[in-house]
Amino acid sequence: MANPGYGKRSAPSQLPRTAHDFAHLPAREASIAAYLDRLPEGADISVKTLAKVLPYGQCALRTALNRLQDAGHLRRGSECVADDRTLLWVTRTFFSRTARDDDWWAAFTRGDVPPEQRRRPTRSRAFVLLAALGHTTPSLTLAEKDCTALEPLATEWFERGATEAELLHALTDGLPNPVHHAPGLVRTRLVDKMPPDRARLAARTGAAAPRPLLRTLECGECRAPGPAEALIGGRCGPCRGTVGKTAPTGPLGAVPPSHVRDRMSEVRAALIPRSERPSGLRP
């Protein structure tokens, strides 16, 4: 795993896994992409770390990651992680099992809802999670009819704001040995451990509105930051050999001069007013 806050981040709205997700890639790139796809969130996917576990050298891995970027599966960049005390920019490597075009990555960087793909999953997120339980916890293997019957309860978890990790933990933590009736146990846990509706709870308690998303991408070759619209295929104009383009200047993570005002407005909007800070955070 990478340092806290860093590492792999999966792009949203991906299609369910199939045996042909990376069939359009060369064999080496396809095998690396399949490995990355199954790594958990926050995993260290730098070339040095990958070279320790995969049968490829760092140069080969760097080339392969660039080709995954060309194919729309990967982008590198930074994201602002804010708490009540600080605003911290951290390095991200965004990975998408579903290949995306440049317009999609630009929308993702802005925080817009990404456009839907033409193909739609035939099964819901809840059904897929239930059907996959048996892969990691064999004692909870469910039949298709069981997944269909339990799907509405699992769907309600997601509608209340629960994550997949939270739902999996509720279903698999502290299991009896043996499990005599997997469907009944899963149903009981889905009902008994149902979380409160987080959106309603936030409205009642007057919780602060979520901070605006602050995210930027960088060129996969020279690592210079820039607007997503200018990083065609994940590369800036100079690295693509585009005539008339000049490389961004300044240290890594610097904002181009033309975007300074907009970025400062975003940062100010994300800060908590002094009057609203907890007493322990006031100077």
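**Stop 1: a buried threonine**

Select Thr 137. Thr 137 has a relative accessible area of 14%, so this residue is buried (under 20%; exposed is over 50% and partly exposed in between, with a 1.4 Å probe and protein chains only). This is a predicted model: local features need pLDDT of at least 70, side-chain atom pairs count only at pLDDT 80 or more, and totals for chains, interfaces and linings use all residues. Residues are numbered from 1 along each chain as its sequence is written, and side-chain values use heavy atoms, with hydrogens and water left out.

Thr 137 sits in the loop between helix H6 (133-136) and helix H7 (144-159). Helices (H or I, at least four residues) and strands (E, at least two) are DSSP runs, numbered from the N terminus. Which residues does Thr 137 touch, not counting those up to four places away in sequence? Show Thr 172 and Leu 175. Contact means heavy atoms within 4.5 Å.

**Stop 2: H8 against H9**

Thr 172 also belongs to the next contact. Select Leu 167, Ala 170, Leu 171 and Thr 172 in H8; they meet Leu 185, Val 186, Arg 189 and Leu 190 in H9. Now show the whole of helix H8 (residues 164-172) and helix H9 (residues 182-192): they pack at about 125°, with axes 9 Å apart. Axes are lines fitted to C-alpha atoms, for helices over the stretch in contact, and angles run from 0 to 180 degrees between N-to-C directions.

**Stop 3: aromatic pairs**

The structure holds five aromatic pairs. Rings of Phe, Tyr and Trp (its six-membered ring) pair if their centres lie within 6.5 Å; planes under 30 degrees apart count as stacked, over 60 as edge-to-face and the rest as tilted.

Select Phe 22 and Phe 95. Their ring centres are 6.5 Å apart and their planes are at 50°, so this pair is tilted. Phe 22 is in the loop between strand E1 (7-10) and helix H1 (27-37), and Phe 95 is in strand E3 (residues 87-95), so the pair ties together parts 73 residues apart in sequence. Both Phe 22 and Phe 95 are buried.

Move to Trp 105 and Phe 108. Here the centres are 5.7 Å apart and the planes at 85°, so the pair is edge-to-face. Both lie in helix H4 (residues 102-110), three residues apart, about one turn of the helix.
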